[in-house]
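Subject: Model handover and notes

Hello,

My notes follow it, and they go from the overall layout to single residues.

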Amino acid sequence: MKIVILAAAPVAIIAAWWWNGSNERTWNQEAIESVAGVIYRVKCDKCGRQFEMPAEQYVSKFKNAGVPCPFCDSQSAYKVGEAGDDPEQFKEEMSRITTVAEVQDKLEDAEAEYAEIKRKIQEFGDLNADPERGAELRRERARLRAKVNALNMRWSEILAG
Ligand SMILES: [Zn+2]
């Protein structure tokens with residue numbers, strides 16, 4: 001009986017090790033699959049520059065503080081959004097809007113465009129079936145989502161005076 005228990009212990013340790021390892025591989029694989037085709041907007045914490053990186057690459061290159069920055073080589077760039085959704089692109093357009101009526105008008109248009117792109121994507125089906133077109137549609141959706149957000153923020157700013 002003693003012998004059996006002694007013999008069983010290393011097997012259990014090996015099984016636990018194997019189970020943990022295979023789970024980790026499964027999780028990594030699932031993380032990679034759920035981001036397939038998505039492109040992230042990434043910002044370097046050290047030099048402040050931004051760049052784009054396919055999310056799959058981001059997941060596989062991520063270590064402790066981030067992914068390597070192609071400009072300064074530090075491993076400290078992290079995801080700040082999706083490709084196309086940088087709010088900076090609307091800064092000038094927003095500064096020209098000064099009344100609630102204007103912002104309402106533009107918000108209605110942007111919301112309609114956003115609904116339209118979502119409808120197009122739904123109709124398109126699997127975005128990864130055509131990666132190039134898929135990336136284009138995702139970028140446009142991200143841009144319009146960012147625009148709707150920018151307009152809502154502008155609305156609050158105008159109300160606040
Ligand atoms: Zn950098």
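Helices (H or I, at least four residues) and strands (E, at least two) are DSSP runs, numbered from the N terminus. On that basis the chain has five helices and three strands, and along the sequence they follow the pattern α-β-β-α-β-α-α-α.

This is a predicted model: local features need pLDDT of at least 70, side-chain atom pairs count only at pLDDT 80 or more, and totals for chains, interfaces and linings use all residues. Residues are numbered from 1 along each chain as its sequence is written.

Confidence

pLDDT is the predictor's confidence in each residue, from 0 to 100. The chain averages 88, and 82% of the residues score at least 70. Where pLDDT is low, the predicted coordinates should not be read in detail.

Burial and contacts

A residue is buried if 20 or more other C-beta atoms lie within 10 Å of its own, exposed if 12 or fewer, and partly exposed in between, with C-beta atoms placed from the backbone. Of the 161 residues in the chain, 16% are buried. Two residues are in contact if their C-beta atoms, placed from the backbone, lie within 7 Å. Among contacts between residues at least 6 apart in sequence, 62% join residues at least 24 apart.

The sheet

Two strands count as paired if DSSP finds at least two bridges between them. The three strands form an open sheet in the order S2-S1-S3, with antiparallel pairing. Strand S2 (50-54) and strand S3 (77-82) are the edge strands, each pairing on one side only. On average, neighbouring strands of this sheet are turned by 40° against each other, direction ignored; the axes here are lines fitted to C-alpha atoms, for helices over the stretch in contact, and angles run from 0 to 180 degrees between N-to-C directions.

S1 and S2 pair over five bridges, and Arg 41 has Glu 52 in S2 as its bridge partner. These two strands form a hairpin with five residues between them, and Gly 48 in the turn has a positive phi of about 80°. S1 and S3 also pair in the antiparallel sense, over five bridges. Cys 44 stands opposite Ala 77 in S3.

The cores

A nonpolar core is a set of buried Ala, Val, Leu, Ile, Met, Phe, Trp, Tyr and Cys residues joined through C-beta atoms within 7 Å. The largest has nine residues: Ile 39, Tyr 40, Val 42, Cys 44, Ala 55, Tyr 58, Val 67, Cys 69 and Ala 77. Strand S1 (39-44) and helix H2 (55-61) each supply at least two residues of this core, and the largest share, four residues, comes from S1. Not counting residues up to four places away in sequence, Cys 44 touches Arg 49, Cys 69, Phe 71, Cys 72, Ser 74, Ser 76 and Ala 77. A second, separate core of eight residues includes Val 103, Ala 142, Leu 144 and Leu 151.

Buried residues in H5 are Arg 138, Arg 141, Ala 142, Arg 143, Leu 144, Ala 146, Lys 147, Ala 150, Leu 151 and Arg 154. What covers them includes S3, H3 and helix H4 (100-124). Just after H5, Gly 161 takes a positive phi of about 85°.

Single residues

Most residues other than glycine have a negative phi, and most peptide bonds are trans. Asn 64 has a positive phi, near 35°, and Asp 73 has one near 70°. Asn 64 lies in the loop between H2 and S3 and counts as exposed because it has 6 C-beta neighbours inside 10 Å. Asp 73 is placed in the loop between H2 and S3, and its 11 C-beta neighbours inside 10 Å make it exposed.

Gln 57 lies in helix H2. With 15 other C-beta atoms within 10 Å, Gln 57 is partly exposed. The C-alpha atoms of Gln 57 and Val 67, 10 residues apart along the chain, are separated by 9.2 Å.

Regards
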